[in-house]
Amino acid sequence: MMASDDDNNSLNSSPKRVAPLAELQAAASATTSATSTSSTNATTIGTANAAIGSPSSQMGRRKKVMPLEHGCEDNWTWSKRHRSKEIVLSGANNRTVHFHPNWSKGTAGVQGKRPLNNGRFYWELHVSQRVFGTSIMFGIGTKQARLHANSFRNMLGENEHGWGLSHKGVLWHKGVALLYTKRFKENHPTVIGILFDGIEGTLTYYKDGKCLGVAFRGLDKIKEPLYPIVCSTAAKTEMTLKCTRRDFVNLQDRCRAEIIKHVKTREDLVKLKLPPLITQYLSEVVNDVAPLRQVDNYDILCDF
């Protein structure tokens, strides 16, 4: 297949306006007893959390903290076996991924070695300034998610085996695209953080330190092992895996799930007048906002 100039050369364009998403903060500990955690809905693309706040709320004034800052280091890396032939690994512990080192002829991906199910994990991807082309994607997938295509496409999330965010601000799963955030500035380096919560079944993205909100839900229902995956169509794209952390699974997860059964909206949560740290922790799983709108191929080709 002929290579496209769009994926072998950097293009300049301004980001288009999209619906804003909420900014979340990381949770603190809650100390209550619990019974059992409730199951979430079947796998669906989730809705973004709304902005936390009311005139009496103190949550918006709390300082930002890193996700899983009270967890521990998690020293995983990329798989040499599960990758496209158009990918070269380098650097300390092979944490740097080079996509299409010479010329791009399609889409290349690589799978991480870390199985994610039933735990909480956070990792950051430091992306070089070569942000352009058809699709640069970040997310997770099963072993059945393909890692190479001889065409320029949104490969991660093209079917039920992957969940991904493209650099154009679009979420993909089962071939369905949902508008999620602003498209990334082309030719500007960026840092993408990914928080996988296997207890709540959610996947949340961060961009340059700002939380973009919950992107996917129902991941706790996936029985197959899930792994981090990145892919790109653009020539000489480079990403480095940094800040890999994991959480300890504890009783507070079950406590929160039981409390949220009786809390329908953020307004109800504020009325409880709980300590701000506990309110913040509980608010992460309150889902009372409108769903993201679906976009079609025409929207994507027109870059919104």
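Modeller: Before we start, one term: contact means heavy atoms within 4.5 Å. By that rule, His167 touches Val131, Phe132, Gly133, Thr134, Ser135, Ile136, Arg183 and Phe184, not counting residues up to four places away in sequence. Please keep in mind that this is a predicted model.

Biologist: Where is Leu165 found, and what is it in contact with?

Modeller: Leu165 is found in strand S10, which covers residues 162-166. Leaving aside neighbours within four places in sequence, Leu165 is in contact with Ile136, Met137, Phe138, Val170, Leu171, Tyr180, Phe184 and Tyr205.

Biologist: Which residues is Gly71 in contact with, leaving aside its neighbours within four places in sequence?

Modeller: Those are Arg245, Arg246, Asp247 and Phe248. Gly71 and Arg246 are 175 residues apart in sequence, and their C-alpha atoms are 5.6 Å apart in space.

Biologist: What joins the side chains of Thr240 and Thr96?

Modeller: A polar contact of 3.0 Å joins them. The cut-off for such a pair of N or O atoms is within 3.5 Å, so a distance of 3.0 Å meets it.

Biologist: What makes Ser90 buried, exposed or partly exposed?

Modeller: Ser90 has 25% relative accessibility. Ser90 lies in strand S4, residues 87-90. Leaving aside neighbours within four places in sequence, Ser90 is in contact with Arg95, Thr96 and His98. Ser90 and Thr240 are 150 residues apart in sequence, with a C-alpha to C-alpha distance of 9.2 Å.

Biologist: Which value does phi of Cys243 take?

Modeller: Phi of Cys243 is near 50 degrees, a positive value in a residue other than glycine. Cys243 lies in strand S17. With 22% relative accessibility set against the 20% and 50% limits, Cys243 counts as partly exposed.

Biologist: And what is phi of Lys174?

Modeller: Phi of Lys174 is near 55 degrees, and Lys174 too is a residue other than glycine with a positive value. Lys174 lies in the loop between strand S11 (170-173) and strand S12 (176-179). Its relative accessible area is 49%. Exposed means over 50%, so Lys174 is called partly exposed.

Biologist: How many residues has the largest nonpolar core?

Modeller: It has 40 residues, and those with the most contacts inside it are Trp78, Trp123, Phe138, Ile140, Leu171, Phe196 and Tyr205. Strand S7 (residues 120-127) gives this core its largest share, four residues. Another core lies apart from it, with 13 residues, among them Leu147, Met155, Leu156 and Cys231.

Biologist: Which residues line the largest cavity?

Modeller: Ala145, Arg146, Met155, Leu156, Gly157, Glu158, Asn159 and Gly162 line it. By class, this lining has three nonpolar, three polar and two charged residues. The volume of the largest cavity is about 30 Å³.

Biologist: Last one: how many helices and strands does the protein chain have?

Modeller: The chain has five helices and 18 strands. Of its 304 residues, 52% count as buried. Among contacts between residues at least 6 apart in sequence, 73% join residues at least 24 apart.

Technical notes: Residues numbered from 1 in each chain as written. Predicted model: local features only at pLDDT ≥ 70, side-chain atom pairs only at ≥ 80, totals over all residues. Heavy atoms only, no water. 1 Å grid on protein atoms, 1.4 Å probe; cavity = no way out; pocket = protein on both sides within 12 Å on 5 of 7 lines; lining within 4 Å. Points joined across faces, edges and corners; volume = space filled by probe spheres on them. Nonpolar A, V, L, I, M, F, W, Y, C, P; charged D, E, K, R; others polar. Core = buried A, V, L, I, M, F, W, Y, C linked by side-chain atoms within 4.5 Å. Buried < 20%, exposed > 50% of the residue type's maximum accessible area, 1.4 Å probe, protein only. Helix = DSSP H or I, 4+ residues; strand = E, 2+ residues; numbered from the N terminus. Polar contact = N/O pair within 3.5 Å; in protein donor to acceptor, adjacent residues only side chain to side chain.
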